Amino acid sequence: QVQLGESGGGLVQPGGSLRLSCAASGRIFSIDDMGWHRQAPGKERELVATITSGGSTNYVDSVKGRFTISRDNAKRTVYLQMNSLKPEDTAVYYCNARLRVLSGYNGNYWGKGTLVTVSS
């Protein structure tokens, strides 16, 4: 099965750090853009960060200077390093990737989400 597996979420104090990981597995031909979205309680899902296959990145304004997205193509993994976390960062974080697979659907794939809670 082609899928995205997320890890790294949890409970952290304000000002702390977390690193989220998302690995693609299965019979995949190539991976194009990858990114992270989040959905806070009572809020719409929003784009947090993206990274292209060539390494070009983009961030939502609220996380610029605090979050860093990166990828390891050999490991088929995208990371989100989150520093100086704030309570408003509390959300379910979803990994997203555009995949070209050897057999099946070519397009956007989503992880199941991992909860990040920033609280004292």
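**How many helices and how many strands are there in the protein?**

Before you start: this is a predicted model, where local features need pLDDT of at least 70, side-chain atom pairs count only at pLDDT 80 or more, and totals for chains, interfaces and linings use all residues. Residues are numbered from 1 along each chain as its sequence is written, and side-chain values use heavy atoms, with hydrogens and water left out.

*Solution.* Go through the DSSP runs, counting H or I runs of at least four residues as helices and E runs of at least two as strands, numbered from the N terminus. You end up with 0 helices and 11 strands. Written out from the N terminus, the elements run β-β-β-β-β-β-β-β-β-β-β.

**Exercise 2. Work out the strand order of the open sheet that 4 strands form, and say why its edges are edges**.

*Solution.* Start with pairing: two strands pair if DSSP finds at least two bridges between them. β1 and β3 pair in the antiparallel sense over 5 bridges; here G5 stands opposite A23 in β3. Carry on across the sheet and the order reads β1-β3-β8-β7, with antiparallel pairing. Now look at the ends: β1 (3-7) and β7 each have a single partner strand, so one side of each has no neighbour in the sheet.

**Exercise 3. Find the largest nonpolar core and the elements that build it**.

*Solution.* First, collect buried (under 20% relative accessible area, 1.4 Å probe, protein chains only) Ala, Val, Leu, Ile, Met, Phe, Trp, Tyr and Cys residues joined through side-chain atoms within 4.5 Å. The largest such set has 30 residues, and W36, L80, M82 and Y93 have the most contacts inside it. Next, sort by element: β3 (18-25), β4 (28-39), β5 (46-51), β7 (67-72), β8 (77-82), β9 (91-101) and β11 (114-118) give two or more residues each. β9 gives the most, with 6 residues. Finally, zoom in on L80: skipping residues up to four places away in sequence, and taking contact as heavy atoms within 4.5 Å, L80 touches L18, R19, L20, W36, V48, A49, F67, T68, I69 and Y93.

**Exercise 4. Describe the overall build of the protein: how much is buried, and what does the C-alpha trace span?**

*Solution.* Of the 120 residues, 41% count as buried. Along its principal axes, the C-alpha trace spans about 45 × 25 × 25 Å. As for contacts between residues at least 6 apart in sequence, 55% join residues at least 24 apart.

Key
Buried means under 20% relative accessible area, exposed over 50%, partly exposed in between (1.4 Å probe, protein chains only).
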